[in-house]
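This report covers strand pairing, a pocket and aromatic contacts in one protein. The sequence and the structure come first.

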Amino acid sequence: MIEKWRKRRKKPGRRQPLLKGGRKRVLVVLFVPSVERDGRTPTDQDRWVEAALEMFGRVFGGATAYPKAKGIWRDDEQYGVLVRDEPVVVHCYTTPADIEEPGNLGELGSFCRTMGREARQGEVGLVIGDEYFAIREFSAE
């Protein structure tokens with residue numbers, strides 16, 4: 001068996017690149033909440049996860065939603081009350097050009113504001129690259 005494998009191996013010489021295809025090197029992370037700002041009322045998390053995946057797929061080419069995490073958020077506007085949450089974390093890799101494109105940023109921002117408003121949040125957490133954005137203004141455009 002090993003002899004057959006050795007015979008089929010490519011001869012040394014011109015090597016092919018280890019990885020082919022496009023390189024997406026900007027990570028975008030969205031936290032989809034499980035509860036409203038009051039910390040008790042459940043959100044329709046499945047709806048928001050599906051909507052986020054659809055938006056990321058359409059705008060940036062794809063995304064992955066990870067199972068529920070455990071989190072906590074300090075609501076400074078509510079006297080520092082701690083809100084416990086089980087967010088779903090959505091990861092999306094994209095290119096620098098795609099994340100800087102105004103139309104794409106507009107769709108991402110609009111999605112975050114809509115989710116924040118309709119899911120009654122105090123903040124929507126969004127990470128782009130190595131920067132955290134605390135989105136707190138949810139008014140419609």
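Which residue takes a positive phi in the hairpin of S3 and S4? Tyr79 does, with phi near 65°, and the hairpin has five residues between the strands. The model is predicted: local features need pLDDT of at least 70 and side-chain atom pairs pLDDT 80 or more, while totals for chains, interfaces and linings use all residues. Residues are numbered from 1 along each chain as its sequence is written, and side-chain values use heavy atoms, with hydrogens and water left out.

**Strands.** Helices (H or I, at least four residues) and strands (E, at least two) are DSSP runs numbered from the N terminus, and two strands pair if DSSP finds at least two bridges between them. Two of the pairings are set out below.

| Strands | Sense | Bridges |
|---|---|---|
| S3 (residues 71-75) and S4 (residues 81-85) | antiparallel | five |
| S2 and S5 (residues 88-94) | antiparallel | three |

Ile72 stands opposite Arg84 in S4. Thr64 has His91 in S5 as its bridge partner.

An open sheet is formed by five strands in the order S2-S5-S1-S6-S7, with antiparallel pairing. Its edge strands, S2 (64-66) and S7 (131-135), each pair on one side only. On average, neighbouring strands of this sheet are turned by 20° against each other, direction ignored. Helix H2 (residues 45-60) lies across S1, S2 and S5 and runs at about 0° to S5 (contact means heavy atoms within 4.5 Å; axes are lines fitted to C-alpha atoms, for helices over the stretch in contact, and angles run from 0 to 180 degrees between N-to-C directions).

The largest pocket holds about 310 Å³ of space. A pocket is an open set of points on a 1 Å grid over the protein atoms alone, where a 1.4 Å probe fits, with protein on both sides within 12 Å along at least five of seven lines; lining residues have an atom within 4 Å of a point. Of its 19 lining residues, Phe31, Trp73, Asp85, Gln121 and Glu123 are the closest to the centre. S1 (26-32), S3, S4 and S6 (124-128) each supply at least two residues of the lining; S3 gives the largest share, three residues.

**Aromatic pairs.** Two aromatic pairs are found in the whole structure (ring centres within 6.5 Å; planes under 30 degrees apart are stacked, over 60 edge-to-face, the rest tilted; Trp counts by its six-membered ring). Trp48 and Phe111 form an edge-to-face pair, 5.9 Å centre to centre with 75° between the planes. Trp48 lies in helix H2 and Phe111 in helix H4 (residues 102-118), so this pair ties together parts that are 63 residues apart in sequence.

Methods:
Grid points are joined across faces, edges and corners, and a volume is the space filled by probe spheres set on the points.
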